[in-house]
Amino acid sequence: MPDDKTDKQSTSILSKALNASQSIDKANLFQQAKQGDIDNELQLYNEIINNVAEMICLVNAKDHIILYANQNLLDMFCYNINEIIGKHLSIINAPTMSDPAVAPFNIDKAMEEKNIWRGEVLNIKNGGSTFWSKVVISSLINKAHGKVYILLLSDIAKLKKTENSLLECEAKYKRIFETMDDGYFKTDLNGVIISANQAAANMLNYSHQFQLHGENIAEAVYVVANEGTKLINAVMERGSVKRYVSYFKQNGDRIIIVDCNFHLIYSDKDKPVAIEGTFRDITEQKHKELAIRLSDKTFSQVFHAGIIPSVITTMDNANIININNSFLRLFDYNHEEVINRPIFDLYIFQNRNDLVKMIDWLRKNGEINELKVSLRTKNNLLLICLLSAKFIDIMGEPHLLYQIQDITEFKKVENELEKYQARLEALVADRTKKLESEIADRVKAESYLSESESKYRVLFANAGVGIVVHGKYFKEANQQFLDFIGYTIDELRNMTVLDITHPDDKKKSKELLDDLNKIYPDNIDRETENSSFLKMKDIEKRYLRKDGKTVWGKVSVCIKMFPSGHVFNIATITDISKIKKFEYELAQAKEEAEKANHAKSKFLANMSHELRTPLNSILGYSQLMQRDHSLLTKNQKYLSIINHNGEHLLELINDVLEISKIEAGKSTLSTKQFDLDVLLKDLELMFRVRTDAKKLEFKVKKTIDVPRYIRSDENKFRQILINLFGNAVKFTHTGSLTLQVSTTGIEGGNHYLIAEVQDSGIGISKDEIVEVFQSFSQASNGKAISESTGLGLSISRQYAQMLGGDIKVISQPGVGSSFIVKIKIEKTGRIKSKTNGSIIRRVVGLSNNQNVPKILVVEDQKSSRYLLVELLNSIGFKVKEAENGQKAIEICAEWRPDLIWMDMRMPVMDGQEATNKIKSATEEENIIIIALTASAFEEDKEKILNMGCDDFARKPLQEEVIFEKISKHLGVEYVYETVKNH
């Protein structure tokens, strides 16, 4: 860009050049210089002008005709000297039709008030293309032409493009900053807010984000100022504070619970300059968690305080896991005598088989309601009881809840009544003889009945559940039910059961009452009506309280004929509103968790396809090129680098998918017998090159008691050691690396193998050791040089735990680390050792004397399709290709291939539909179809095979897999060459 000094110098030179040429009759200074009609001074000035960096132009101020242009301007605007001299200035300066916002440049207006004008102008080249230039305009008076404008132009097209890019980036960042859901603010090192987004202002109850500027977070944000000061000190000391739960106060003093993350921002010179923080409001989440905990506590209090003897056992071995005080008092046990003991051991049931049969009945029918049984107390006292039992869910596991009603006293009363009835009948037969005795006995009996009635009224009033007696209308109700429903007994006596039933449950309640009325005449023996009860199945229903609220009750109803001849329904109602609320919240939480898990599985499946598809091309084409013996050594080296990095990327993808499979419980063990010495030798050879390259001492040691042949999951154990070795080599720059293998002997009847990987690397701080086994986490010392996902150690530990052991770490920064792996093994006898595999056979053609198979490749990705077609053509197969399932069907109808490689995800028609149609149309010909997929999940393999495919192959494809599957299904024989396996 020209500065003021350059402007003045250029103007002075041009002025002298123009005045020196005033005696020349022609208009163009450039033409005069070539004709040799000017003096040496004009030639010198002309030479200087043509060699300056800027584009220079002289324009007549009167009519805007171009008088002169230097070579830089001619080159830039694509004109020769004759095409531009004498033309109007608009030939190089005019707006384009595609940009009407750019106004035409008015040179006279620009020079009205200033002697020198600077600005940016849109120019047009010969041919119509435009570009921006920075222009400096000055004027001078010339004897020949009068007033003349001098224009100096500099191309600023690249600068304009850079400015536009910066503006777009700034706008994009601002949009993200303003629309993010989490609150954000940046403070200086003292905690004073420099900037904040609108989400932060909203969460803190401010109308605008700028209201937070200048506020100190310790005073304006944190409930306790001291806590904000401690946070700032912690960030300054550690560099960052993550997942920090605290309390913020809103504008107006309302308090919210937040999850925060803070970290330091550094300058270019690694000096801390500010603190950046994000936070999320988790108040509602914390309140829900508290509500669930309170609900659990309330349930426990209700259970232990209940007057109905209750006990909860496990399903599998009938161990007692909870028991209330009413049960302990009834059977004369204390808590320590029964808890965690099988209920069989208490000998409460006279016959153990009765309990076994009862549990079988529960498994088939779900519950037992008031079964009459005889039970014994600890002191061998026989009780007559009504037993109810049902399944309940505790932490996702089925358990049994038993509830017992002691009716021994009730039965005694019934027996007494029966005896009394017999006595009365005897007295009637002999009333004349024993009248006085009869009267005395009657008085005695009436007194006893009065006491019994009083006793049962006390029980009725103080029962732990609601009890009602009703016919068409309510007759009696105890206080528990009145509190539950919110009505008085006088109000209920004018109401029916359906009047207080929720509208959605009226049908269920009416059906229960109708069933009672239907079975009554046929099932109650009128001759024994004083003890006549009929029990119906329990139901759960909703009631409408007087205040309009809905409550849940568990209802158990029986029908009873009283001595008066009246028939009433007797119902017990247990308030289960809190349990229903808890069940609803659990169901909601389970549904949300299932949705999140489904979304995660879908995302991982899509990512597997999107990542493996390009990897198929990268690894496939590098394998294909390695078959070319004409390549130079350096090109072979380049291919090796491509393969190495492609395989490294595939390992990272597999790590992410494997951790997902482990979390979903889909990763399984595959134990087999293997040679431990061979495995250790392979690992030593694998890492020897890397340790030698870094000049590290590398040792593998094994104690004499370690068996050579063991049984375990060889692949998972190998992967554990590869991950640990890889980390040790990566973070060790000097010193040594050692693998020490030993055994612990027999522990609890099992053999354990110990593998300790020791290094002299950078080490791990004590605070970060707990994080190294977490998914996607790395110690800070290793983040700067790490090239992994941070999943290796997490997967290794979970593998070790699947193998019956664990991994521990001992480390000291600057000294080194020791990772100790312990796994369960079985010692086995001798097995055949594997070959070292240093020499492999590569397929190079088809054997003679066999029919050449026809193979169709169906793949929508052109690069992947071309790769497979080229590989098969190079071996000698007859090959055709199709870009979708519809095209494949058309080719099959004409060409009849022997085998089809079928991609599952394609436009127009996918692989599943195409496979079904081809198999239906060629059922007798048995065309082999092998599915191609980028999915890494085993369940997808079963799904694909079930829909009609004969086999299955995952991307990225390996050439040995391709040839093996063709040989397997078509019986093809190959010609091989022997190559070294690097």
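Fourteen is written here as a count by rule: the chain holds 14 aromatic pairs, where rings of Phe, Tyr and Trp (its six-membered ring) pair if their centres lie within 6.5 Å, and planes under 30 degrees apart count as stacked, over 60 as edge-to-face and the rest as tilted. Phenylalanine 185 and phenylalanine 262 are buried (under 20% relative accessible area, with exposed meaning over 50% and partly exposed in between, for a 1.4 Å probe and protein chains only). One aromatic cluster is formed by Phe185, Tyr222, Phe248, Phe262 and Phe279.

The model is predicted: local features need pLDDT of at least 70, side-chain atom pairs count only at pLDDT 80 or more, and totals for chains, interfaces and linings use all residues. Residues are numbered from 1 along each chain as its sequence is written, and side-chain values use heavy atoms, with hydrogens and water left out.

Strands E6 and E9 belong to an open sheet of five strands, with the order E7-E6-E10-E9-E8 and antiparallel pairing; two strands pair if DSSP finds at least two bridges between them. Strand E7 (193-196) and strand E8 (240-249) are at the edges with a single partner strand each, so one side of each has no neighbour in the sheet. From one strand to the next, the twist averages 30°. Five bridges connect E6 with strand E10 (residues 272-281) in the antiparallel sense, and threonine 187 has isoleucine 275 in E10 as its bridge partner. Helix H10 (residues 225-238) lies across E8, E9 and E10 and runs at about 170° to E8; axes are lines fitted to C-alpha atoms, for helices over the stretch in contact (heavy atoms within 4.5 Å), and angles run from 0 to 180 degrees between N-to-C directions.

Elsewhere, lysine 716 lies over the face of tyrosine 799, at 5.2 Å from the ring centre, and lysine 822 over that of tyrosine 752, at 4.7 Å. A charge sits over a ring if NZ of Lys or CZ of Arg is within 6 Å of the ring centre and within 35 degrees of the ring normal.

The protein chain as a whole has 31 helices and 35 strands, taken as DSSP runs numbered from the N terminus (helices H or I, at least four residues; strands E, at least two). Of its 982 residues, 42% are buried.
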